Amino acid sequence: MPRTPAGPELDRLISLLAKLPGLGPRSAKRAALHLLKKRDGLMAPLAVALKEAAEKVTACSICGNWDSSDPCQICADEDRETGVICVVQEVADLWALERSGAHKGKYHVLGGVISPLDGVGADDLNIASLAQRASAGGVSEIVLALSATVDGQTTAHYLVERLEGLTVDITRLSHGVPVGGELDYLDEGTLAAAMKSRHKA
Amino acid sequence: MTFRIRRITLTDFRSYAGLDLALDGRPVVLTGPNGAGKTNLLEALSMVSAGRGMRGAKMDELARQGAPDDPASGGWSVSAVLEDHYGEETRLGTGISAHSDKRITRIDGAPASGPTALLDYLRFVWLTPAQDRLFMEGASERRRFLDRMTMSHDPSHGRAAATYEKAMRQRTKLLENWPRVDETLLGVLETQMAEAGVAMAAARLDMARRLAAGARLIDEAVFPAAGVALDGRLEEQLQSQKAGEVEEAFEAKLRAMRPRDADAGRALVGPHRTDLLVTHKAKGQAARLCSTGEQKALLIGLVLANARSLQQEASDITAGAPLVLLLDEIAAHLDPDRRAALFDILEETGLQVFMTGTDPDLFAAWGTRAQSFTVRGGTVTEAG
Ligand SMILES: Nc1ncnc2c1ncn2[C@@H]1O[C@H](COP(=O)(O)OP(=O)(O)OP(=O)(O)O)[C@@H](O)[C@H]1O
Ligand SMILES: [Mg+2]
Ligand SMILES: [Zn+2]
């Protein structure tokens, strides 16, 4: 592909934008041009926002959620049930569940699913910290809200094995989660129903 | 309930710039020279369904390649009008528009969620010349053939097969570092393989039973019946043991096989190695040893047996959707008696059937019972 006839700054911006999920080289060019056109209204504030987010947002040391405070707002919220931990793959799933309002307890973000084919083993995910939380006492139930994909289910089975022997109930979402379904894409009603009809794993 | 495809419309599909073909409901015979577009027309119909059609085509090879004096749009579409016996019509359409690569599906003009929605209206059973060597090839082709038939009865078979395949590949990858591996994860993957593998084997066994039952409906005196058996450990064990026991035994086997599978770089045992064994019942001979024409007849027999059993599963969830048979090069290799017998059997099924061949004479036994077309240079004209 011929290079964009632009200076190195613009070229670099485009190549970085193209790395964003869903963007690709063509949309990246469009986005860069759009930003330049809205230099004061969008580009400059975006640059500031990026810088601040990069400096201040970190993974919560308890649950793995992104926030500018550590522990995150959810972990720090004393009104939430501490006895129930909902395990999700990504922060996007946490957001989806929060949107549905179906979960009143705490979360644990794994950061992905186990997949040896993609070089992701159990040690690459926040699994050890989950086991720690689960065995620390005060936790009565762990809800596995993982996607219904094969890898999601492998991970769920794996967690059941790893958490075996602890005095916590391990439950999973079932009803309404379509086969191969990614949680993030489900509507609130389906998620709430899936949360309500969870069953022992 | 009888259903008939009464009209087929193609736009920029393979060799067809445009085609609007009206059908009267009789069996359809398409004849014409090589490269005329006979198979393309059957393939177009097979796209009015979930999946990639009877040639397993890539979506981007279906759009007609235009020429400078005859430009093509870059997209393609196929639509079929289905008529029930009350004369009610449903228009089914699918295709890809020029500036997107997303498949579009329409039912009576309204966008459908996806091509899978078409399965509620229409299902195809096809036979292609590519399958002629089925009994001469390795087990994998026959296994695919069996699995595709199994899925047509039992959609969950596809899911079980996908789960099995994925878990098996993850396990193989993990075993690359044997013996320094996460044994808990290995165990989890093996449990998944055992569960999905036994479900697959059970569904295949059901399928083999259906084929055997379907074969009994064919008069062996005029058309050779196929004996069907499955060569696979799980399938065999399921005949005499409970599924739970077979599952446990397979899981234990996988565990025991870890070092050898690690050495081999793949799983050496499992339902991914099952073979479909077909015999010429009357002769008691393996299909592989039969003559070319006998093999073709056995294959047709299996496809018909499957169609019959699909037709009979009236209470099943997938029932209701009418079946259409797409039989490409159907008359090739068959002697006149077999051909005539086949046509009678096809007529008896009451299903709508589309047949192709290069030579109109091969279809003479149909007489006026079939609607015949000549295909030539992208046009289709009714013969006679
Ligand atoms: N995307 C495409 N655009 C234009 N032409 C195509 C495209 N794909 C295939 N063709 C052409 O369509 C022609 C007809 O193919 P088809 O397989 O339907 O022939 P046929 O009538 O079944 O012949 P045969 O008797 O040899 O089986 C071929 O010559 C092929 O080159
Ligand atoms: Mg052909
Ligand atoms: Zn937190």
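How many residues does the contact take from chain B and from chain A? The contact takes 17 residues from chain B and 13 residues from chain A, where two residues are in contact if their C-beta atoms, placed from the backbone, lie within 7 Å. This is a predicted model, in which local features need pLDDT of at least 70, side-chain atom pairs count only at pLDDT 80 or more, and totals for chains, interfaces and linings use all residues. Residues are numbered from 1 along each chain as its sequence is written, while chains are lettered from A and ligands numbered from 1 in the order in which they are written.

**Side of chain B that touches chain A**
- Two or more residues each come from α3 (156-175) and α4 (183-216) of chain B; helices (H or I, at least four residues) and strands (E, at least two) are DSSP runs, numbered from the N terminus.
- α3(B) gives the most to this side, with 9 residues.
- By class, this side has 6 nonpolar, 6 polar and 5 charged residues (Ala, Val, Leu, Ile, Met, Phe, Trp, Tyr, Cys and Pro count as nonpolar, Asp, Glu, Lys and Arg as charged, and the others, Gly among them, as polar).

**Sheet in chain B**
- An open sheet of 3 strands has the order β9-β10-β11 in chain B, with antiparallel pairing; two strands pair if DSSP finds at least two bridges between them.
- β9 (226-231) and β11 (285-286) of chain B are the edge strands, each pairing on one side only.
- Strand β10 (residues 275-280) of chain B is joined to β11(B) by 2 bridges.
- B:H280 has B:Q285 in β11(B) as its bridge partner.

**Domains of chain B**
- Chain B is divided into domain 1 (3-122 + 321-382) and domain 2 (139-278), with bounds from an automatic or database domain assignment.
- The C-alpha centres of domain 1 and domain 2 of chain B lie 34 Å apart.
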